[in-house]
Amino acid sequence: MRKATLPALIEAWIHERRRGLAIGLSAGLTVLAATAFGVAPLAPDAADLPQSVVVEALPLPSDLGQQIEALADTRLELFRADTTRRQDTPESLLSRLGVIDPEAASFLRRDANARQLLDGRPDKMVRAKADSRGRLIELIARYPADPRLPRSDAKFTRLTMERVGAAWVSRLETAELESQVRLGSGTIRSSLFAATDEAGMPDAIAAQMAEIFSGDIDFHRELRRGDTFSLVYETLTADGEPINWNQAAGRVLAAEFVNNGRSHQAVWFQPEGSARGAYYDRQGNSRQRSFLASPMAFSRVTSGFAMRFHPIHQRVMAHTGIDYAAPVGTPARTVGDGVVEFAGWRPQYGNTVIVRHTPDKTTLYAHLSRIDVKRGDRVEQGQRIGAVGATGTATGPHLHFEFLVRGQHIDPSKALRAAQPVPLPEASRAAFGAWGETVQTKLEVAATLAGTSDRGD
């Protein structure tokens, strides 16, 4: 017997039930008529309306069966992104990513490459692709390649873990970070970081802005409610994904900060042929000095350069440097260009780095939780050399900083304030003027974005 087609079956079904359909249609119209009568009493009785049954074969696509089969065979893929946390296990991370896959969790534990995902520092960017049953298809993680790399050489590590047939494979790659120029602005309501968060700006950019204007504004004492700022800055991306890594942060290209009614401006400019750039005001006067104002981007001084009662030795002693309080792991940076003269352990100082800047000037950084440089390394101003800790003789996490001239301790705050500015080469003034006009236009546009998230240029 020949198999009936779908349209024929539908037509037969309607033919067999045409009486029921007619009765149902009549009843439905009766209800509608009653409702209409309640609204418009003069409408005719539904029972008097002509009734008829219409039977029509519906044309269906000739390849309907193939389409249904193709839909059933389509593999659904789900994507979810998150970042690793300090206490993560393979199961907890995969669970947040919507993945239920014991085999994948096992591979994360035993594979040397995959284990790096949960080893070391947290906040690695992770993106997972899973099927409709929650089985992992592919996992890609991105994180800084090496915190000791200077910003100009910033790269990232890409960890890829994927299922090939019945087995899992992994690979590690190092790739270049890419930059995008963005604009943004904000208003101070409580703090600098609260305002930049509201504007959608990375913390590293906020810290740079505080450093740029630290010679003009005391961000601890002089910040005013209603102060405004506008920025042109870079954001770095890994495979197109924005990152917020302190050791691989984008750079502020131009900034204006209005504090208590007074405007302060800064423009980043790198003269042609020069290996380095600096910040200048709109007139071309350098804002950068031979030494930074502080070895930390944002912190507070807890002990200055003076005689003091030592909290551990319980007697009055000379304090030969400045103490900056900050959480463990906060980056410590060199205040100027130089060569690492010492990197290791010293009694009482704990983990210590000493940088020689000139034949007669050195700086010392002590109580570090980690050291990110080695003896003989050439370092640039602002480069990370370690992280805040409490090693050696310390009552809590802080950075002890010393400034020595010909082997004699001097007050670091006075030495840093007296640092000489880096002049703009005369031959570069024309190029600087053209660049300044360009970024000034961008700053004016950025000022119109107050209270909004940062936007691409």
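A residue is called buried when its relative accessible area is under 20%, exposed when over 50%, and partly exposed in between, with a 1.4 Å probe and protein chains only. The structure is a predicted model, in which local features need pLDDT of at least 70 and side-chain atom pairs count only at pLDDT 80 or more, while totals for chains, interfaces and linings use all residues. Residues are numbered from 1 along each chain as its sequence is written, and side-chain values use heavy atoms, with hydrogens and water left out.

Tyr365 and Phe401 are both buried. Rings of Phe, Tyr and Trp (its six-membered ring) pair if their centres lie within 6.5 Å; planes under 30 degrees apart count as stacked, over 60 as edge-to-face and the rest as tilted. By this rule there are eight aromatic pairs. In one of them, the ring centres of Phe291 and Phe403 are 5.3 Å apart and the planes stand at 80°, so this pair is edge-to-face. Phe291 belongs to the loop between β11 and β12 (300–303) and Phe403 to strand β22 (residues 398–405), so the pair ties together parts 112 residues apart in sequence. Phe291 is buried at 10% relative accessibility, and Phe403 is buried at 2%. Tyr365 and Phe401 form a tilted pair, with 5.3 Å from centre to centre and 50° between the planes. Helices (H or I, at least four residues) and strands (E, at least two) are DSSP runs, numbered from the N terminus.

The interior may be considered next. A nonpolar core is a set of buried Ala, Val, Leu, Ile, Met, Phe, Trp, Tyr and Cys residues joined through side-chain atoms within 4.5 Å. The largest such core has 36 residues, and Leu192, Phe213, Phe219, Phe229, Leu231 and Phe257 have the most contacts inside it. Strand β9 gives the most to this core, with five residues. Ring pairs also link Phe213, Phe229 and Phe257 into a cluster.

Helix α10 spans residues 429–447; its 19 residues reach 26 Å from first C-alpha to last, close to the 27 Å expected at 1.5 Å a residue, where the expected span is 1.5 Å times one less than the number of residues. Buried in α10 are Phe432, Gly436, Val439, Gln440, Leu443 and Ala446. They cover an arc of only 125° around the axis, which puts them on the same side of α10; the arc is that of the directions from the helix axis to the C-beta atoms. The face turned away from this buried side carries the exposed residues Ala430 and Glu437.
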